[in-house]
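Q: I would like to learn how to read a sheet, an interface and a nonpolar core from a model. Could we take them in that order?

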There are 2 protein chains.
Amino acid sequence: MKLVECVPNFSEGRRKEVIDAIVGELNNYKVKVLNIHADADHNRTDVTFIGEPEEVKKAALAMALKAVELIDMNKHKGEHPRMGAMDVVPFIPVANVTMEECVELAHEFAKEFSEKTGVPCFMYEEAATREDRRNLADVRRGEYEGLKEEIGKNPDKTPDYGPNKMHPTAGATAVGAREFLIAFNVNLATNDIQIAKNIARAVRHSSGGYRYVKAMGFEIKERGIVQVSMNMTNYRKTPLFRVFETIKREAERYGTRVLSSEIVGMLPMEAMADIASFYLQLEGFDIQQVIEKRLLEELL
Amino acid sequence: MKLVECVPNFSEGRRKEVIDAIVGELNNYKVKVLNIHADADHNRTDVTFIGEPEEVKKAALAMALKAVELIDMNKHKGEHPRMGAMDVVPFIPVANVTMEECVELAHEFAKEFSEKTGVPCFMYEEAATREDRRNLADVRRGEYEGLKEEIGKNPDKTPDYGPNKMHPTAGATAVGAREFLIAFNVNLATNDIQIAKNIARAVRHSSGGYRYVKAMGFEIKERGIVQVSMNMTNYRKTPLFRVFETIKREAERYGTRVLSSEIVGMLPMEAMADIASFYLQLEGFDIQQVIEKRLLEELL
């Protein structure tokens with residue numbers, strides 16, 4: 001059973017009938033919606049759904065066509081950076097799927113979507129075709145208004161698929177493949193913010209730490225403690241347990257301890273099994289030994 | 001989503017057409033078969049299936065009726081202790097189900113089964129109505145042949161449901177509710193069998209250890225190591241991580257280390273999540289945060 005997650009973000013977070021029409025497209029496909037988050041300030045909605053690869057691609061395509069039909073970027077305002085009606089479409093491996101398969105799925109999606117609508121597509125992260133498009137923030141720099149000026153003139157802004165110009169109402173779309181992101185916080189038994197900041201610096205990639213960790217130190221005033229707040233951007237290559245053990249050791253060095261940790265939002269079963277396997281020093285463990293995993297295989 | 005496992009054992013492990021007919025009854029119900037183990041020496045088959053409580057009960061009942069129809073205990077021979085055509089029917093909570101609900105399910109099953117067939121039923125383990133029937137081995141002592149002599153004469157052998165006499169061909173049935181059993185082995189980096197035996201004695205219930213641990217020390221000659229081999233009979237009340245940590249500490253005391261561990265067969269996702277939660281010191285973790293768990297809820 002192959003399982004892919006897709007988290008399309010579209011540029012409408014206020015008009016309920018438009019949001020319902022776009023999300024409603026998913027009802028025609030064998031995918032399961034895990035979360036819908038409509039944000040009125042951002043004027044943007046992100047939808048999390050899951051299913052088998054081909055079905056997920058078709059469902060995302062149906063949503064994207066509906067978004068192109070119903071959203072006019074010339075009238076769109078919102079706090080969040082955006083460049084199109086269907087703004088971002090990432091494909092994420094969850095179970096029995098490689099990153100390569102998700103990259104291929106992203107390219108197929110972008111090709112079909114741009115052919116059907118004339119919306120130019122830019123490939124990002126693992127699906128990027130050039131290094132300067134790996135980072136979504138770089139792809140989206142200048143937003144809808146800026147890209148409209150540059151596309152067709154600046155060769156660095158030539159899309160990967162579709163015409164070398166903006167769609168008159170739907171703008172452009174970023175299509176990518178990325179690893180599942182786990183939000184992981186570790187609380188420390190101290191109110192010294194400097195310790196949290198030092199530890200965040202020790203574990204995060206940007207300052208010399210683990211390759212797939214983004215980290216910040218925060219105060220949690222109401223509890224009188226501090227927290228190392230992290231985004232784990234690739235739990236396969238930088239597993240949670242390894243970072244947790246590093247934080248435990250670093251906390252000791254400052255004479256304090258880990259108080260607790262938190263997983264915010266969702267995580268794949270594999271990430272959880274990896275943690276148990278590490279600490280129990282399991283040999284020969286197969287995730288198929290988990291009853292619910294087995295049951296899911298039978299049902300899908 | 002409530003999930004119950006049932007592992008009926010019936011007294012036929014040789015005649016394929018009989019086994020197929022009995023197991024085939026499950027196809028008429030919304031349950032998922034996880035394992036079928038037919039043993040010719042034991043002349044016995046055990047089937048593991050899973051589903052929602054009411055459906056599991058109905059499916060088990062259909063199997064039991066077919067076993068009564070096709071198996072004649074007067075002609076049955078096999079190495080494994082047994083007392084009836086449908087020999088043992090345990091109900092096991094897997095997810096979102098309490099032990100009390102499984103006990104109730106077991107009693108409903110026994111009542112309906114004995115009313116329909118005249119097969120006397122003895123309730124065991126958590127479903128037992130008297131302390132001397134808690135242990136399945138005690139209930140089954142004397143087996144089919146012995147019980148046939150005693151039932152109706154010895155008041156300690158009065159069944160919980162059904163007539164106070166054996167069914168002429170199907171004998172009697174033990175019906176119970178129990179916790180999920182996890183087979184958990186810990187390998188030690190030594191070939192000294194005495195260390196494995198000492199540690200097994202330290203952790204097992206019968207000699208002063210944890211309430212829900214059965215343990216033995218073994219040699220694994222081909223690897224030149226020893227193993228503490230365990231049955232964890234209630235992973236909720238005696239969790240794997242606690243026993244593992246105790247073994248780690250005890251191994252140190254003998255100047256050796258834990259080499260690895262193994263989970264043999266299946267385990268519920270909750271048992272895995274408990275291990276990760278303990279080691280990461282997770283706070284506020286909910287198993288619904290696991291994508292596959294959430295997906296399963298949607299599908300069932």
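A: Two strands pair if DSSP finds at least two bridges between them, and the elements themselves are DSSP runs numbered from the N terminus, helices being H or I of at least four residues and strands E of at least two. This is a predicted model, in which local features need pLDDT of at least 70 and side-chain atom pairs count only at pLDDT 80 or more, while totals for chains, interfaces and linings use all residues. Residues are numbered from 1 along each chain as its sequence is written, and chains are lettered from A and ligands numbered from 1 in the order in which they are written.

Q: In what order do the strands of the open sheet in chain A lie?

A: Strands of a sheet pair through backbone hydrogen bonds, either parallel or antiparallel. Here four strands of chain A form an open sheet in the order β9-β10-β8-β11, with antiparallel pairing. Because β9 (213-220) and β11 of chain A stand at the edges, each with a single partner strand, one side of each is left without a neighbour in the sheet.

Q: Which strands does β8(A) pair with, and over how many bridges?

A: β8(A) pairs with β10 (residues 225-232) of chain A over seven bridges, where N185(A) has S229(A) as its bridge partner. Six bridges join β8(A) to β11 (residues 258-264) of chain A, and there L188(A) is partnered by V258(A).

Q: How many residues of β8(A) are buried?

A: A residue is buried if 20 or more other C-beta atoms lie within 10 Å of its own, exposed if 12 or fewer, and partly exposed in between, with C-beta atoms placed from the backbone. In β8 (residues 182-188) of chain A, five of the seven residues are buried.

Q: How many residues does each chain bring to the contact?

A: Two residues are in contact if their C-beta atoms, placed from the backbone, lie within 7 Å. The contact takes 37 residues from chain A and 38 residues from chain B, and α9(A) gives the most to the side of chain A that touches chain B, with eight residues.

Q: Which residues touch the most other members of the largest nonpolar core?

A: A nonpolar core is a set of buried Ala, Val, Leu, Ile, Met, Phe, Trp, Tyr and Cys residues joined through C-beta atoms within 7 Å. Of the 194 residues in the largest one, those touching the most other members include A106(A), V4(B) and A106(B).
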